[in-house]
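Dear colleague,

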Amino acid sequence: MSDSQRSALVTGATSGIGRATAKKLVSDGWMVFAAGRRQEHLESLAAESGQLAGKLVPVATDVTDEASIHTLFTTIEAAGGIDTVLNIAGGALGTEPIAEAKLEDWQWMIETNVLGSLRIIRKFLPMLRAHGEGTILNLTSTAGVVTYEGGAGYNAAKYGQHALTGALRLEEAEHNIRVVEVLPGLVKTEEFAYNRMRGDESKAADVYAGVSKPLTADDVADVCAYAVNLPHHINLDEIVMRPVKQAAQHKLIRDTE
Ligand code: 8X3
């Protein structure tokens, strides 16, 4: 790998924002290790990325599993290493109020969003420090800075990931690692709301009903790529991005016909 070749790990790369970000970075000329649980999705991503300027290496990975992360690490190390990690794996499960909260939903959200990021960061920090100009981008959410009814479990997970990101920025500046946080609001992807609503397509559609232009996965991917493509001394600490129709968590404009 040449010195100028940028190289990244993108987690959550099987679908949605992670997939779009992996493709965007490959189109920008990066070498990308695309990590996700579903092998067939990774293969189709690799096929779609084949004609782009950079290179994509799919690696089946579960961010809740240490052994799986170790395999990912050895694959990346053998291929020459990376300078950038984008933690995009995560998601929401359920919209119950706290009075009816399902403990297993909270556990899943904390496992994937918070502990998944922690496991990846802990494993790759020595490599990023050794590189000399490392970057970590954590995809959190506006749910990590504003609470809302029915959001407590997801809020807890994203507030946790937000806290981890802030402390990490302070701790790693000495090692010349920049730490970027992207906090999107309403993003329409094929799986986020569908998974959160436990596969109920009608409830998932209601999330976006009447919102003429929610953000797309490509919108968020563009912003993530912009942040990591900037010269290394520029750290975009926290980027809050929402569709115009969502002026705040409590103010979502739905067009009625
Ligand atoms: C998704 C944003 O508004 O569903 O991360 O919590 S929201």
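**Pocket, ligand and cavity**

The largest pocket holds about 1200 Å³ of space. A pocket is here an open set of points, on a 1 Å grid over the protein atoms alone, with protein on both sides within 12 Å along at least five of seven lines; grid points are joined across faces, edges and corners, and a volume is the space filled by probe spheres set on the points. Please note that this is a predicted model, in which local features need pLDDT of at least 70 and side-chain atom pairs count only at pLDDT 80 or more, while totals for chains, interfaces and linings use all residues. Residues are numbered from 1 along each chain as its sequence is written, and side-chain values use heavy atoms, with hydrogens and water left out.

The lining of the largest pocket comprises 49 residues, a lining residue being one with an atom within 4 Å of a point. Gly-90, Gly-91, Ala-92, Tyr-154 and Phe-192 lie nearest the centre of this pocket. Two or more lining residues come from each of α1 (16-27), β2 (31-36), α4, α5, α6 (192-196) and α7 (201-208); these are DSSP runs numbered from the N terminus, with helices (H or I) of at least four residues and strands (E) of at least two. By class, the lining has 20 nonpolar, 21 polar and eight charged residues. Ala, Val, Leu, Ile, Met, Phe, Trp, Tyr, Cys and Pro count as nonpolar, Asp, Glu, Lys and Arg as charged, and the others, Gly among them, as polar.

The ligand sits in the largest pocket (more than half of its atoms lie within 2 Å of the grid points). Around the ligand are Ser-141, Ala-143, Tyr-148, Tyr-154, Gly-185, Phe-192, Arg-196 and Gln-249, each with a heavy atom within 4 Å of it. An oxygen atom of the ligand lies 2.6 Å from a side-chain N or O atom of Ser-141, and one is 2.6 Å from such an atom of Tyr-148. For Tyr-154, a polar side-chain atom is 2.7 Å from a ligand oxygen atom.

There is one cavity of 30 Å³ or more, a cavity being a set of points where a 1.4 Å probe fits but cannot get out. The largest cavity has a volume of about 80 Å³. Its lining has 17 residues, and Leu-93, Gly-94, Glu-96, Trp-106 and Gly-153 are the closest to its centre. Both α4 (103-131) and α5 (152-172) give two or more residues to this lining.

Yours sincerely

Conventions. A polar contact is a pair of N or O atoms within 3.5 Å; within protein, one must be able to donate a hydrogen and the other to accept it, and residues adjacent in sequence count only if both atoms are side-chain atoms.
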